[in-house]
Every structure is written in structure tokens, then in C-alpha cells.
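Hi,

Here is the structure I promised to pass on.

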Amino acid sequence: MQPDYSLSHYARPVLEPPQGVRRLLLHSCCAPCAGEIMEALQASGIETTIFFYNPNIHPRAEYDLRKQENIRFAAKLGMKFVDADYDTENWFARVKGMEHEPERGARCSACFDMRFERTALYGAEHGFSLISSTLGISRWKDLEQINRSGERAAARWPHMAYWTFNWRKQGGAQRMIEISGREAFYQQEYCGCIYSLRDTNARREESGRGKIERGVKFYGRGGEGSAPSLE
Ligand code: SF4
């Protein structure tokens with residue numbers, strides 16, 4: 001039977017950004033996490049620019065696929081999309097010595113810091129006073145860790161704030177899955193970096209599931225019904 005992607009079971013809240021700001025720079029990690037947030041912002045009339053800055057994603061083919069999925073959806077909504085650098089050398093330098101940290105640990109804080117610092121820099125240079133990120137909608141992430149990182153990045157600039165909205169609540173997490181299925185987004189199976197790929201593969205092999213096959217799984221083509229894995 002065809003899944004129901006009507007979104008009819010959930011009333012989407014009207015979003016009220018802090019201090020009445022109506023223009024947002026939204027760091028995006030991938031289309032599945034961004035989909036519901038982008039639709040909710042648009043439905044609330046908040047002028048949103050997507051900032052895709054994720055030099056953590058490895059390998060390049062995975063990065064390109066995640067980015068193209070996000071570009072595809074931004075184009076569908078008519079939303080501005082900033083394709084930022086893929087400066088992997090800087091990312092590896094930033095997390096050096098933390099290669100064996102677990103997910104949600106110090107390496108992830110450094111990873112968030114780097115991505116949000118660049119988001120805040122771009123925001124400051126382009127007249128934004130509010131930034132946020134799609135990262136927090138994933139149940140695999142520590143929302144507090146993300147919010148603290150976002151606030152640290154925003155605090156580097158005068159008159160800049162990080163919006164700590166919990167996108168998972170009020171049906172957001174469910175709509176994220178529904179939109180991913182409706183749009184047949186690519187479904188990644190690891191957070192993004194080479195270390196998360198290594199650790200996810202190790203866990204899968206331990207449980208007899210075999211390694212991840214990258215680039216082959218899409219929501220709505222057998223992948224619906226589960227949360228976006230990771231970012
Ligand atoms: S596991 Fe995810 S958040 Fe943590 S360092 Fe790797 S890509 Fe970044």
C-alpha cells in the first residue's frame with residue numbers, strides 16, 4: 001500500500017523567531033533533516049537562506065549527493081541556497097586527536113563549532129542577525145550540544161543570535177519522515193565523517209549486517225518509516 005504522505009495528522013505551528021526577526025540563515029546538513037524545517041519556515045513567512053557548509057562529510061561522492069538533494073528541494077521551494085566550501089583539510093585539522101571520540105562527544109562539538117562559526121561569519125557578512133541549524137531535528141543528535149555550539153558561534157558577533165528552536169516537537173519529527181518519503185530523499189546511513197563511517201560499519205559488521213552501501217537507499221523506495229539516520 002502507498003504510504004500516506006499527506007501530513008494531515010499534524011498541525012504545523014506558526015513559527016515565531018526570537019525578537020521578531022523575519023530573516024534567517026539556516027545551516028543545513030542534508031535534505032531529510034532540512035525538509036520539514038524548510039517547509040515550516042516557509043509556511044510561517046520567514047525569509048530563509050540555506051547555508052550548506054559540511055566539510056565533515058566523507059567521501060566526496062557522499063557529500064555531493066547529500067548536497068544535490070538539498071539543492072533540489074531548495075529549488076522546489078524557491079529558497080535561496082548558499083553552497084559553501086568543502087574545506088576538508090581544515091575539518092581534519094580541527095578534529096585532530098579526536099579520531100576515536102564517540103558520537104556526541106568532543107569531536108562532534110568541534111565539528112558543530114566549525115560549521116556554525118562559518119555560518120555565523122557568512123551571516124555577519126551578509127546582514128543576518130539570526131542563524132540556526134537543521135542538525136537538531138535528528139533524534140541521533142544531542143540537541144543541547146548543538147544549541148550550545150550554535151550559541152557560541154553566534155556570540156562571536158554583535159547582534160547575532162542562534163535560534164534554539166526544538167524542531168522535533170509538535171509533529172516535526174514525524175513530518176520530517178513523511179516529507180523525506182514524499183520527496184524520495186537520499187537516506188544516508190551514517191552521520192557523515194570518515195570516523196562515523198568507520199564506527200557505523202564496525203557496529204554493523206558486529207551484528208552481521210555487512211557494511212553500508214553508500215548512495216543506494218532512498219526514502220519512499222523501501223526506506224520510509226524510519227528516522228533519517230543521521231544528519
Ligand atoms: S560523527 Fe557527525 S557530528 Fe560527529 S564529527 Fe563526525 S560528522 Fe561531525
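Predicted model: local features only at pLDDT ≥ 70, side-chain atom pairs only at ≥ 80, totals over all residues.

Below is what turned up, starting with the sheet.

Residues are numbered from 1 along each chain as its sequence is written.

**The sheet.** There is an open sheet of 5 strands with parallel pairing, in the order S3-S2-S1-S4-S5. The edge strands, each pairing on one side only, are S3 (80-83) and S5 (161-162). Helices and strands here are DSSP runs numbered from the N terminus (helices are H or I with at least four residues, strands E with at least two), and two strands pair if DSSP finds at least two bridges between them. In general, strands of a sheet pair through backbone hydrogen bonds, either parallel or antiparallel. S2 (residues 47-52) pairs with S3 in the parallel sense over 4 bridges, and isoleucine 50 stands opposite phenylalanine 81 in S3.

**Helices on the sheet.** H1 (residues 31-43) lies across S1 (23-27) and S2, at about 155° to S2. H2 (residues 60-77) lies across S2 and S3, at about 165° to S2. For these angles, axes are lines fitted to C-alpha atoms (for helices, over the stretch in contact), and angles run from 0 to 180 degrees between N-to-C directions. Contact means that the C-beta atoms of two residues, placed from the backbone, lie within 7 Å.

**Two crossing helices.** The axes of H4 (residues 106-125) and H5 (residues 143-154) come within 8 Å and cross at roughly 40°. That makes H4 oblique to H5 (under 35 degrees is roughly parallel, over 145 roughly antiparallel, 65 to 115 roughly perpendicular, and the rest oblique). Residues making the contact include Phe112 and Phe116 of H4 and Ile146 and Ala153 of H5.

**Around the ligand.** Which residues are around the ligand? They are Asn56, Glu103, Arg107, Cys108, Cys111, Cys191, Gly192, Cys193, Tyr195 and Ser196, counted when the C-beta atom, placed from the backbone, lies within 6 Å of the molecule. H4 gives the largest share of this shell, 3 residues, while H4 and H7 (194-206) each supply at least two.

Cheers
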